[in-house]
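Here's a quick briefing to read alongside the model. Have a look at the chains first, then come back for the notes.

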Amino acid sequence: MKKTLRSLAAATALAAVGAVSALPAWAADTIKVGILHSLSGTMAISETTLKDAMLMMIDDLNKQGGLLGKQVEPVVVDPASNWPLFAEKARELLEKDKVDVMFGCWTSVSRKSVLPVVEDLNGLLFYPVQYEGEESSRNVFYTGAAPNQQAIPAVDYLMNDLGVKRWVLAGTDYVYPRTTNKILEQYLIDKGVAPADIMVNYTPFGHADWQTIVSDVKKFGSAGKKTAVVSTINGDANVPFYKELANQGIKANDIPVVAFSVGEEELAGIDTKPLVGHLAAWNYFMSEDSPANAAFIKKWHAFTKDTKRVTNDPMEAHFIGFNMWVQAVRQAGTTDVDAVRQAMYGQKVANLTGGVSEMMPNHHITKPVLIGEIQPDGQFATVWQTEGLVAGDAWSDFIPESKKLNADWTYPWVCGNCEKPKFAPLAGM
Amino acid sequence: MSRILAALGVLVALMFAPLAPAHADDAAFAAAVAGLDQKSFPKRAEAVATLGTLGHARTETVLRALADGTLFARKEDRQVVIGRLSGDAYSLSDAATGAPAGSAPSGELAKIIANNQMRGQIQDILGRFLLFSTDAEDRIRAADQVLSNPDASAVAQVRNALKTENEPAVRQRLERALAAALLSGGGTTEERLAAVQTLGNTNEPALRGLIQRTAANDADDAVRAAATSALAAIDRRLVFLDMGQNLVFGLSLGSVLLLAAIGLAITFGVMGVINMAHGEMIMLGAYTTFVVQQAFRAYLPPDLFGLYLVVAVPMAFVVAGAVGVAMERSVIRFLYGRPLETLLATWGISLMLQQAIRSSFGATNREVANPAWMSGAMDFLGLTLTTNRIVIIIFAAAVVLALAAFLRWSAMGLNMRAVTQNRSMAAAMGIPTGRVDALTFGLGSGIAGVAGVALSQVSNVSPSLGQGYIVDSFMVVVFGGVGSLWGTVVGAMSLGIVNKFLEPYSGAVLAKILVLVIIILFIQKRPRGLFALRGRFVE
């Protein structure tokens, strides 16, 4: 037994050495794309899909002849939902694998952990998830929604179209919900909502026992004013939350819940029948009726060999980000980070909802905002959307100290959090 | 274009309506049905409202189809049809007339989607139809619907329904519904006073809100005074009810903790193995439930579906138990008496099991449906008891009793106790200690698997399911007293109840921290937990 184990280990080691030594032979004339998504641990549930989506798009690009006459080679690493490991893996990708660009991260804390590394080594990171804003790094492009591209329009919809007067802001206790709720609370108060009509609630990660909170929400909602829950509850905790809502008999037309972190992928793990009518705000739904989306879904099903796999908003963000990067590389004629960054501004890419997204000088993009209601089949039906596209705002106008800050990486501003431009116009020009 | 034509057609029909009074209703109805197929949701909602006021014979059919998502517009001529899926295509009937309209594949049909507002409207309209249903259950539900969403416009219908209602249970509900509708507006002063009296004994938050608004806003002094005193009485009752509710919540959280910890009470408590893979045994149980559910869906008729949980319990026990036995025989038995190595090895096993499940089932959550008998809630003395929580409390109690009985009275249980209390003496008596160790570990793991069946009903089924319960489980066992089954029971229940009484004041995050602090302080005072084992066997 022991002997077989030892020989097995030896064989594995040999195979690994073989794989490593095989790399340089064809790595010399490829363009390397680092994929920094957790494939194990708690976030694997969401991030594995994004890794697959990236592989699909790279595969697709290679079939069309690659980039600058070279093949594109994905380098996949697994930061295992371990935030400090994200920084180590990012460093490994940049220093050892010498990747030209990275696509990755999901949680804000993982992005914050990678931030010093990409800034130090002048790398490029495309971040595909909706987040709390309040950040603009020279080395990160944010293709997910900023709060003004998701939270604020959703609250507007509830307020104006559904006549909501009382608000429950429920979230998981970490940076994204805390910041988003801070922005929303200020926004609601600015709109004339009394502080007594706002209930803020935080729960730990993976919270499973929602009895007390749901019964509190029910009490809060019985004051005769239309009440809604704005949920920034993260991933895993959502299933027991929605189950408890359904069991305590709270229906979407009594107290609708609008969620910012629940998409098609998350709904795939829930029996959605009791949830019909609850809402989500995103910039993309799989149910969007556009030719680009139909083609994307078809490719995705073919790539995963599974016609039941769903697509979701962060996948679309990677789709936009990857295509923008490809265009910028083509325009710059090189993968050099500084040249590509310069070419990124103003880069336009057709998104999957029928519009054209553009990269802004603050490293955020323009996106449509969609509100969808959960359908019995686990999809969303769009019930409202913004006219045209909304540009992402790095610094919120509803946090007093951020209001004065501006992010603009083009001349003369050239900074991510300035009150005035870094450079004055040259005298005499 | 075709939509304009349809609208024109409707207009023409409307123009001729006076000539053909018998069809006037039909034409207006058809126009409203055609109005459902519009892009703007507010316009669709208008059409729904019109349908509700028309009171046509087919109103109910059309609205129900809209609510169920079986109402379509045929893409080629924008005819509004009701589709019934037969095979790959839908067989269609005209929504307005009910006449058959051929069949079409789903690609040629555009589903007419209802939004929240429309669904609410439909519920109200259909609910009022149901007031006159022949089925008493339906009438009760309709009355409750009015009660939970009272509106002055319902007064006339509820009065009509009361005229013909003979069932006392339904009558009582209708009277309350009428009172609520009258208070929401439209009642005379006397009627509103009587309504406050009728509703004064309520514990429902929604009705309390109604009375509170009456106390604040009613035009009449007497009504306001009556409402104010009714409100005070309600609030006095609610103080007790809140405590009762917290107690029930606490028991239910406690029984979840108990289920998660009871297997560990054996593997850690009795055998002393620090089993970091305990959570993964729970996870295996939950995945077994998922597999059994899929098998039921695929091979058995739908009316047997509710029984899948009953089958899943023994299956989960066997699967998790077998993995437990394999773990004990292949790894843990070499590590007895070396807690650090055991901790690291079982931690490694837990990661391997997680990754194995992730590779075979995928990283995403798996959907485990609550069977009908585990959904919904019931009202008990004004407390809302959700059925699945009640079932879990009963189930936890049953598992503990069965386990206690097994350890107390079965031969195997006797052997287990003998081996854990004095291994060498037990061996001298001829008990195969190695086999007993394996089976004890298997028993603990199997029970963790059974817990997984219950947890799949309240939580998500994902590879990291067990991670969320491992710390809580150790906490319960250490707090309750290592080695004591009853200690685990009392420990789980008290942690659950303390947590739930703290939560309303401190919030969920702080409650969890406070409980942890309380346990640490308690362990300082009593290092062996609530129920410490005494005697010479305690090392």
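Which elements do the buried residues of α8(B) pack against? They pack against α6 (136-148), α7 (155-164), α9 (189-199) and α10 of chain B. Bear in mind that this is a predicted model: local features need pLDDT of at least 70, side-chain atom pairs count only at pLDDT 80 or more, and totals for chains, interfaces and linings use all residues. Residues are numbered from 1 along each chain as its sequence is written, while chains are lettered from A and ligands numbered from 1 in the order in which they are written.

**Helix α8 of chain B**
- Helices here are DSSP runs of H or I with at least four residues, strands are runs of E with at least two, and both are numbered from the N terminus.
- α8(B) covers residues 168-183, 16 residues in total, and its first and last C-alpha atoms are 23 Å apart. That's close to the 22 Å expected at 1.5 Å a residue, taking 1.5 Å times one less than the number of residues.
- Its buried residues (20 or more other C-beta atoms within 10 Å; exposed is 12 or fewer, partly exposed in between, with C-beta atoms placed from the backbone) include B:Val170, B:Arg173, B:Leu174 and B:Arg176.
- Just after α8(B), B:Gly185 has a positive phi of about 145°.

- β3(B) (residues 89-94) and β4(B) pair in the antiparallel sense over four bridges; pairing takes at least two DSSP bridges.
- One bridge joins B:Tyr90 to B:Ala104 in β4(B).
- Five residues sit between the strands of this hairpin, where B:Gly98 takes a positive phi near 85°.
- β4(B) (residues 100-105) lies largely in the open, because zero of its six residues are buried.

**Where chain B meets chain A**
- On the chain B side 47 residues are in contact with 43 residues of chain A, contact being C-beta atoms, placed from the backbone, within 7 Å.
- Elements giving two or more residues to that side of chain B include α5 (116-130), α10 (205-217) and α11 (221-270).
- α20(B) has the largest share, with seven residues.

**B:Glu367**
- You'll find B:Glu367 in the loop between α14 and β6 (377-380) of chain B.
- B:Glu367 counts as partly exposed because 18 other C-beta atoms lie within 10 Å.
- Leaving out residues up to four places away in sequence, B:Glu367 touches A:Gly269, A:Ile270 and A:Asp271.
- Its C-alpha is 16 Å from that of B:Gly466, 99 residues apart along the chain.

How values were computed: Contact = placed C-beta atoms within 7 Å.
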